[in-house]
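User: I am new to this structure and would be grateful for a close look at a single part of it. Please begin with the confidence of the model, and then describe one element together with its surroundings.

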Amino acid sequence: MAGHIGKLAESKPISTIVDPCPGYSTGWAGQTFMKLINTLSAAQCMLGSSEFYPEGKGMYINSGHVFDFIVVGAGTAGSVVASRLSEISDWKVLLVEAGADPPSTASIPSLHLNLQRSVIDWKFTTQKERNLFKGMLGKINRWPRGKVMGGTSVLSSMIYQRGSRRDYDNWASSGISGWSYNDLLPYFKKSENMLDQHIMKCTRSNKYHNSEGPLTVNQFRSKEPLIQMIKNGTLELGYGEMNNKDGFIRLGFSYNTHGTIKHGERVDTAKAFLGPVKDRKNLYVVKNANVIKILINPETKNAYGVKYIWRRGKKIVTVKAKKEVILCAGAVGTPKLLMLSGVGLRTHLMDVGIKPIIKELSVGCNMKDQVMFLGCPIKLKPLKPLNFQEILENTFDFLAYKEGPMTNIGVSEIFGYITANADDVPDIEIFFIYSQLNDTNTLHTFFNNIELNKDLQMKYLELNSQHDLLLAIPIVVNPQSVGKIRLSSTDPLANPSIITNYLTHPMDKQLILTGIKFIKKLIKSKAFQLREAELEHIDFSDCKGSNINNDSYWECAIKQVSGTFYNPVGTCKMGTEKDSKAVVNERLQVRNIKNLRVADASIMPTSIHGGTLAACVMIGEKVADLIKQDWLSPKCKKEGEEQNCEHADFKSKSNFKENAKDTNRNVLNKTENTVINKITSLFDGNKRKSINEVVMKNKDPVNNVILNKSKDNLISLPHNTNITTEILKNQYFAEDNPMKNKIEKNSNNKQHKHIFNENSKGLLNHSLKDDKLKQFLVKIDQINNTYENSSSSI
C-alpha cells in the first residue's frame with residue numbers, strides 16, 4: 001500500500017494524492033477487521049526494517065578518503081569489529097559490505113531454509129570431485145554464505161553453540177597463546193545477552209554467561225511433538241540430556257537449545273552490534289560494495305587501504321587506512337581477497353597471473369569443513385497432515401504476537417553427540433530435519449538448496465506424500481580430510497575454486513558409518529516404533545543391487561548425497577611461527593604484512609563442536625581488543641601528533657592501565673560523583689545522623705575523601721551502618737578493587753554504564769533492608785565476575 005501511494009505522489013501534486021483505501025469502516029466487525037489489517041501490515045513492515053541497520057554512505061565516499069581502520073565484510077565477525085572499534089570516538093572506521101540489509105523473511109526463524117540460493121547468498125559451489133556429490137545436480141556441492149549485512153548469521157539456523165572447552169584448549173596446547181577456553185570465555189560473555197533464566201539463576205552455569213551484551217540468546221521453545229519421541233528414543237539408548245554448563249561438550253542430546261532470537265525473531269550480528277550504534281559519527285558503512293583488492297606497498301609490505309566496486313560498477317573507489325585493514329570476509333571470501341592482492345602460495349598466484357607481494361604464505365590451505373550425509377530418511381506414521389488453514393493461523397500468530405511455530409526451527413533444534421571410540425569425546429553429531437505429510441515446503445526447499453538431482457528429489461517427496469518423513473543426519477564433527485580454496489581467475493567478481501576433499505581421510509568415512517549404525521538402533525527404540533518408524537532404502541542408481549544391511553550399500557550411498565554442513569574453517573589458519581601452514585599469528589596479524597589482520601572463521605586452526613556463529617562473534621570481540629591494545633598503548637604518540645604505533649608491544653598491562661587512567665580522569669570523576677549520589681540516596685530519613693559518623697568509623701583514606709564530599713547532604717544512615725560502610729569500602733572505591741578499575745577502563749562504554757546503572761537501582765530504596773543489601777552485594781560480585789580478566793574496552 002505504501003509503495004502504491006508513493007507512486008501516486010510522484011505523478012501528482014501533494015494536494016491531489018488519492019488514498020486508495022476506504023475512508024472509514026462501520027460496525028464492530030468492520031472496525032475490528034480494519035484494526036486487524038493495520039496491525040498485520042505494521043507487523044510486516046517492522047520485519048527486517050532498515051531502521052535496525054546503519055545507513056549506507058556509499059554515495060558520499062570517494063577515492064582518496066582516509067580512515068583509521070577499514071573493515072572488509074559486515075558479517076558475523078565484521079559487524080562486531082566495526083562496532084567495537086568505533087567505540088573510540090577519535091577513530092574513523094569504514095565498514096565495507098558486498099550486500100544490503102536483510103529482507104523481511106530473514107527475521108522469521110522458521111523460514112531460514114528459504115534464504116539460501118537467494119539474492120543474499122554468495123552461491124558458492126565446489127569443483128567436481130572423484131567419488132563425491134554423485135546425486136547432486138552437476139555433481140557439485142552448493143556452499144551458501146551470507147552476502148548481506150550480518151553475513152551468514154542471517155542465513156544460518158540461529159543455533160548458538162560456543163564449541164567445546166577442549167576445542168580451544170587444543171589450540172592453546174599447540175602453542176597459540178591467548179586462545180585457551182579460559183582466555184576466550186570473557187569474550188564469549190562480553191557479547192552475550194542470555195535471556196534464559198534457567199541458565200542465569202543457576203549458580204553452576206551463570207558464571208559462564210552474561211545478560212548485558214548486545215547479542216540476545218534465548219531458548220528455542222518448539223512444541224513439535226516429534227521432539228519428545230526423539231528424546232525418549234535417545235534415552236532408551238543411554239544418551240541423556242547433554243550437560244555442557246562448564247564449557248565441555250559431552251555425549252548426549254540437547255533438548256534446550258539456544259539460538260540468537262529475541263521476541264520470536266532472528267537477531268543477526270549486524271542488527272545486534274551495529275543497530276544500537278548506527279548513528280555514531282565516526283562509523284561509516286558502505287553497502288553493495290565488492291572489495292576487489294587490498295592495497296599493499298610492495299616495498300614496505302604495509303597494507304594501506306582497499307579498492308572496491310560500488311553498486312555493480314557505478315564507481316570504483318580507492319580508500320586508505322591510516323592504521324589497519326581488517327579482513328572479515330569469511331572462510332571463502334578472505335583467502336580469495338588475499339590471493340587477488342598478491343598474498344598466497346607463490347606458484348598458484350603466478351599460474352593465474354598475479355605477482356606475489358611476499359615469498360610464500362599458505363592462504364586457502366588447511367580448509368576443514370564438517371560433512372553431513374543425507375541418505376537416512378525415516379518413514380513415520382502420520383499424526384495429521386499439514387493444511388493451509390494451519391499455515392494461515394501460524395502466520396497470524398507470528399505477525400500479531402510473535403508466537404507459534406514460526407518463532408522456532410522445529411525438530412532441527414534437537415541435536416546430539418555420540419562417539420565412535422571407547423572414550424567420551426564426541427566425534428559425531430546427529431541432526432534432524434522433519435517434514436509432515438503434505439508439507440510441500442520443507443523438503444522441497446532443502447533439496448533445492450543443495451540441488452539434489454530431480455530423480456532423487458522425487459523419491460524423497462514421494463515418501464513424504466504418504467508418510468511423515470524424518471531425515472536423521474550424521475555429521476563429522478572434527479574432519480581429518482583437508483580441502484583448499486584457489487582462485488578460478490583474476491576476475492575479482494568470479495567465485496573462487498573450492499576443492500573439499502571430503503572423506504579422503506578414512507577416519508571421516510568411518511565416522512559417517514558409525515552415525516548410520518546409531519540411527520538404525522534409534523529407529524528400533526520403543527519410542528520410534530510407536531510411530532512405526534522405518535528406515536527407507538533409497539535406490540541410488542550407482543548402488544543398485546546392494547543390500548541396505550551391508551556397509552557396501554552405505555559406502556556407495558555416502559558418495560551420492562554427502563556435502564557441507566555449512567561450517568568451513570581454517571583457510572587463513574592461525575598458528576605459531578614454527579607452523580608453516582599458518583597465515584596469521586595469535587594476534588591475527590597476517591604474516592610478513594604490516595597493518596593487516598584477519599578476523600573470521602578462516603583463522604580457526606580446526607573445526608569445533610557445533611556451528612561457528614558464536615565462535616566468530618568471539619573472534620570479533622577478541623580482535624577488537626587486540627587492536628585497541630596495540631593502538632592505545634603508551635608507545636603510541638600523544639593525541640594531536642601523527643600516530644605510528646607499528647603494532648606496539650603490549651606486554652606491560654600496568655603501563656596501559658596507567659595510560660587509561662590518565663586519559664579518562666575527568667570521566668572517572670563524573671562517574672564517582674554519580675556513585676556518591678547513589679550512595680547518599682541509601683539512607684533512611686527516619687534516623688537523621690550526620691555522614692560524619694560514617695567518616696569516623698571508616699579509616700580508609702579513599703573513602704574519607706569521597707564521604708567528605710557528601711558531608712553537606714547531612715543525610716541519615718540505614719540501620720546497619722557497617723553494611724553501608726562495607727558497600728563503600730569493599731565494593732566501590734578501594735584502590736585494588738576490580739570494580740573501580742572497570743569503571744575507569746569502561747567509563748566511555750555505554751554498555752558498561754547501563755550495567756552499572758541498572759544494578760544500582762536497589763540503592764534508591766530509602767527503607768533498604770539488610771537482605772536487599774546482601775542481594776545487592778551478590779549482584780555486584782556478578783558484575784565483577786562478568787568483567788573479570790577481560791581486556792580494556794576503552
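Analyst: The chain of this predicted model has an average pLDDT of 81, and 74% of the residues score at least 70; pLDDT is the predictor's confidence in each residue, on a scale from 0 to 100. Over residues 637-774 the pLDDT remains under 50, and the model has 198 contacts beyond four places in sequence for this stretch, a contact being heavy atoms within 4.5 Å. Residues 776-794 likewise have a pLDDT below 50, with 51 contacts in the model beyond near neighbours in sequence.

Because the model is predicted, local features need pLDDT of at least 70 and side-chain atom pairs count only at pLDDT 80 or more, while totals for chains, interfaces and linings use all residues. Residues are numbered from 1 along each chain as its sequence is written, and side-chain values use heavy atoms, with hydrogens and water left out.

Helices (H or I, at least four residues) and strands (E, at least two) are DSSP runs numbered from the N terminus.

Axes are lines fitted to C-alpha atoms, for helices over the stretch in contact, and angles between N-to-C directions run from 0 to 180 degrees. Arg 165, Tyr 168 and Asp 169 of helix 4 meet Tyr 181, Asn 182, Leu 184 and Phe 188 of helix 5. By class, this contact has four nonpolar, one polar and two charged residues (Ala, Val, Leu, Ile, Met, Phe, Trp, Tyr, Cys and Pro count as nonpolar, Asp, Glu, Lys and Arg as charged, and the others, Gly among them, as polar).

The axes of helix 5 and helix 17 (residues 613-631) come within 9 Å and cross at roughly 105 degrees, so the two helices are roughly perpendicular to each other. On the side of helix 5, the contact includes Leu 184, Tyr 187 and Phe 188; among its residues in helix 17 are Val 617, Met 618 and Glu 621. This contact has seven nonpolar, one polar and four charged residues.

Strand 6 (residues 215-219) and strand 8 run antiparallel and are joined by two bridges. Asn 218 has Gly 259 in strand 8 as its bridge partner.

Terms used:
Pairing = 2+ DSSP bridges. Parallel < 35°, antiparallel > 145°, perpendicular 65-115°, else oblique.
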